[in-house]
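Here is a short report on a pocket and a ligand site. Look over the sequence and the structure first, then read on.

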Amino acid sequence: MRMSKLFMPTLREVPAEAEITSHKLMLRAGLIRKLAAGIYSYLPLGVRFLKKVENIVREEMDAAGAQELLMSALLPAEAYQASGRWEVFGPSMFKLKDRSNRDFCLGPTHEELFTQAVINDVHSYKEYPMTLYQIQTKYRDEGRPRFGLMRGREFVMKDAYSFDLDEAGLDKSYKAMYDAYCKIFNRMGLDFTIVDADSGAMGGSGSQEFMVKSPVGEDGIAYCDACGYAANYEKAECISQDKPQIKGDLPMEKIPTPNAHTIEDLVSFLGAEPYNFAKTIIYKADDKYVAAMVRGDREVNEVKLKNLVGCVDDLELAAFDAVREITGAQVGFAGPVGLDIPVYADKEVALMENFIVGANETDMHYKNVNIGRDFEPTVVADIRVIEDGDVCPRCGQPIKTAQGIEVGHIFKLGTKYSKALGLDYLDENGKSQTVVMGCYGIGVTRCMAAIIEQCHDDNGIIFPVSVAPYQAIVIPVNNKQEEQMRAAEEIYESLKAQGIETLFDDRAERAGVKFKDADLIGVPVRIVVGKKCGEGIVEYKERTAEAAEEMQRDDAVMRAVEFINANK
Ligand code: 9G3
């Protein structure tokens with residue numbers, strides 16, 4: 001492709017709203033342009049990149065025996081009403097009406113649609129197992145779309161659904177998807193970690209997330225280098241240092257703590273350490289209120305709490321007036337003593353003695369509080385967020401934490417959707433059984449952002465060959481030099497003749513600008529034709545190489561073809 005013709009509007013500066021590297025570089029390199037919050041247009045280099053990523057997904061899904069469908073993105077409400085999810089997703093679901101005022105939505109996920117497709121047209125148990133997938137645009141009205149393609153309101157997802165006769169069958173389908181995902185992310189050049197995850201609203205017996213470690217990742221990961229344990233923050237089990245419970249026996253005492261709303265206020269006011277306090281946080285779980293207690297220097301893990309409480313819809317912090325109503329005090333003075341809502345205490349709190357809690361009275365706290373004597377938790381369980389310094393729940397070695405970008409998530413769904421929608425089969429004995437399902441997602445456009453987050457330097461994107469919009473670029477240093485232009489043309493033609501997707505920078509730009517743009521758009525291999533082309537000498541440089549090498553032009557072409565073919 002001649003760059004004098006290429007629609008590639010590069011930018012030197014980007015809008016301030018582009019906070020992370022991948023978002024900045026995709027705008028600067030002319031891959032995408034923002035249409036509205038969380039909604040992007042893909043320009044030629046962006047489309048080529050997207051198609052490369054999609055095709056890796058497609059090839060590996062097909063190789064794993066999955067079959068590609070393409071479902072509508074414009075869905076009638078009935079599709080989600082049978083499973084009860086039409087209401088569940090609230091404002092996140094883009095809803096609209098047709099001219100007859102019928103309810104529709106833009107599809108955020110397709111469990112119901114795929115299940116219905118099987119109900120309609122699969123009639124014998126002999127047709128199972130079956131895994132169906134699509135690569136399709138999804139719509140979710142995210143409250144905070146940000147980071148470019150990382151969290152959009154319109155994005156490309158590969159979503160797959162497996163249908164099996166029983167759990168054993170699901171285990172096999174799940175493993176086939178797990179292995180396919182490993183191949184997919186390896187081929188994309190992504191360095192990923194697989195973590196145990198919570199299944200959340202999806203139900204089912206478990207799920208795993210494919211995480212790309214990155215400081216801009218929105219998810220927390222806890223992992224152990226010693227034994228390989230890895231879980232996301234929501235799931236990671238916390239081990240409390242099991243020091244023996246020393247029965248504290250100092251008398252409980254109410255102490256004035258004027259305006260001490262936070263642990264920091266209390267620490268500075270009372271001079272005690274954060275771990276001498278227990279926080280009591282009031283939550284609204286569905287339509288009831290519960291109190292969660294963790295040590296002063298810990299955080300409540302709201303997913304663990306939600307699962308423990310068995311909350312179906314929302315778990316959220318109780319509103320200020322509800323806290324005042326329940327505790328009789330301003331926020332910041334809640335405590336377990338005399339509280340008449342269920343108290344869920346973290347295991348660590350059960351090991352504390354003579355500690356400080358809110359007194360359920362504004363500007364007052366209790367000190368020397370002890371479990372058993374002064375209050376009895378309803379439940380004692382692991383409800384805190386894991387932290388650096390915690391130990392691995394499997395082997396006891398120190399656990400590490402990191403931020404991750406979730407690029408894939410696979411679920412063993414079980415019969416949640418098949419039961420809700422009535423997907424059954426008659427087994428060989430004519431007995432009706434419910435189909436067992438799994439579902440498997442990959443954020444295709446999110447992978448594009450994750451790849452750039454992991455593959456860039458100060459000069460721009462470093463595309464892995466497997467997903468590069470163009471694989472090689474030929475740059476004549478001086479367009480006015482007929483000899484250079486001719487030699488560059490010949491190199492360009494011979495690379496294309498050997499199947500290399502090649503750019504020819506024929507723009508009337510200074511060489512420096514051409515080199516900068518080649519680096520910015522991350523072309524894996526560059527061949528520069530300059531003064532020495534009369535001697536048949538050109539410069540060969542891989543994007544990841546420190547320096548360029550001079551060599552005969554035929555050698556440069558051969559090196560480029562070998563490098564591309566070895567890495568695509
Ligand atoms: C919605 C909206 C947002 C959603 C969902 C539905 C997340 C929703 C979970 C999944 C689970 C799996 C198939 C591929 C793998 C992931 N956010 N989820 O279901 F209506 Cl607005 O999408 N779906």
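## The second largest pocket

β14 gives the most to the lining of the second largest pocket: five residues. Other elements that give two or more residues are α7 (263–270), α9 (320–327) and β18 (355–361). Helices (H or I, at least four residues) and strands (E, at least two) are DSSP runs, numbered from the N terminus.

In total, 24 residues line this pocket, and H261, T280, I281, V331 and G332 lie nearest its centre. The lining divides into 15 nonpolar, seven polar and two charged residues. Here Ala, Val, Leu, Ile, Met, Phe, Trp, Tyr, Cys and Pro count as nonpolar, Asp, Glu, Lys and Arg as charged, and the others, Gly among them, as polar.

## How the model is read

This is a predicted model: local features need pLDDT of at least 70, side-chain atom pairs count only at pLDDT 80 or more, and totals for chains, interfaces and linings use all residues. Residues are numbered from 1 along each chain as its sequence is written, and side-chain values use heavy atoms, with hydrogens and water left out.

## The ligand site

How many residues surround the ligand? The shell has 16 residues (a heavy atom within 4 Å). The closest are F89, P108, T109, E111 and R140. The shell divides into nine nonpolar, three polar and four charged residues.

Polar contacts are pairs of N or O atoms within 3.5 Å. The E111 side chain has an N or O atom 2.7 Å from a ligand nitrogen. For R140, a polar side-chain atom lies 2.8 Å from a ligand oxygen. In R85, a side-chain N or O atom is 3.1 Å from an oxygen atom of the ligand.

How values were computed. A polar contact is a pair of N or O atoms within 3.5 Å; within protein, one must be able to donate a hydrogen and the other to accept it, and residues adjacent in sequence count only if both atoms are side-chain atoms. On a 1 Å grid over the protein atoms alone, a cavity is a set of points where a 1.4 Å probe fits but cannot get out, and a pocket is an open set with protein on both sides within 12 Å along at least five of seven lines; lining residues have an atom within 4 Å of a point.
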